[in-house]
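Here is a short briefing on selected side-chain features. Please keep the structure open while reading.

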Amino acid sequence: QVQLVESGGGLVQSGGSLRLSCAASGNVFEIKDMGWHRQAPGKRRELVTSITSGGSTNYADSVKGRFTIFRDNAKNMVYLQMNSLKPEDTAVYYCNAQLRYSSSDYYRDYWGQGTQVTVSS
């Protein structure tokens, strides 16, 4: 019943910007870590950025200074602001979250279905 839904993907020219959104459904009790991964054709899925419940962030070297991850705990959402996009950023972007639905539950990893981001040159 739990699902993460990404939105905001699309086609943009090099140098442009996009904001991806990810919403967690259901009555979430607590979310720990959240993040974004991406997978380009012919490449393995890679970590783009992550953020802990304490606000600590991590970015892949390829996106540092261009991408920003932030979260809204009240809405159970995480966002990825992408600026100065490059053709190399073209990929399917996946949302990931570690969450639980009660204090007696344990954290589980959930993944979204992915949203396509295409950057033209």
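A residue counts as buried when its relative accessible area is under 20%, as exposed when it is over 50%, and as partly exposed in between. Thr 49 has 0% relative accessibility, so Thr 49 is buried. The model is predicted.

**Thr 49 and its surroundings**
- Thr 49 belongs to strand 5, which covers residues 46–51.
- A polar atom of the Thr 49 side chain lies 2.9 Å from the backbone oxygen of Asn 58.
- Leaving aside residues up to four places away in sequence, Thr 49 touches Gly 35, Trp 36, Asn 58, Tyr 59, Ile 69 and Leu 80.

**Disulfide**
- How many disulfides does the count give? The count comes to 1 disulfide.
- Cys 22 and Cys 95 are the partners, with an S to S distance of 2.0 Å. The cut-off is 2.5 Å, so the pair qualifies.
- Distant parts of the chain are linked here: the two cysteines are 73 residues apart. Cys 22 sits in strand 3 (residues 18–24), and Cys 95 sits in strand 9 (residues 91–100).
- The link between Cys 22 and Cys 95 is left-handed, with -85° about the S-S bond.
- Is Cys 22 buried or exposed? Cys 22 is buried, because its relative accessibility is 0%.
- Cys 95 is buried as well, because its relative accessibility is 0%.

**Aromatic pair**
- Two values describe a pair of aromatic rings: the distance of the centres and the angle of the planes.
- Searching the whole structure gives 1 aromatic pair.
- Phe 70 and Tyr 79 form this pair, at 4.9 Å centre to centre and with 15° between the planes. Planes under 30 degrees apart count as stacked, so this pair is stacked.
- Phe 70 has 29% relative accessibility and therefore counts as partly exposed.
- Tyr 79 has 12% relative accessibility and therefore counts as buried.

**Charge over rings**
- Which ring has the charged end of Arg 45 at 3.7 Å from its centre? That ring belongs to Tyr 94, and the charged end sits over it.
- Arg 45 also lies over the face of Trp 111, at 5.1 Å from the ring centre.

Methods:
Residues numbered from 1 in each chain as written. Predicted model: local features only at pLDDT ≥ 70, side-chain atom pairs only at ≥ 80, totals over all residues. Heavy atoms only, no water. Helix = DSSP H or I, 4+ residues; strand = E, 2+ residues; numbered from the N terminus. Buried < 20%, exposed > 50% of the residue type's maximum accessible area, 1.4 Å probe, protein only. Phe/Tyr/Trp six-rings, centres within 6.5 Å; stacked < 30°, edge-to-face > 60°. Lys NZ or Arg CZ within 6 Å of the ring centre and 35° of its normal. Polar contact = N/O pair within 3.5 Å; in protein donor to acceptor, adjacent residues only side chain to side chain. Contact = heavy atoms within 4.5 Å.
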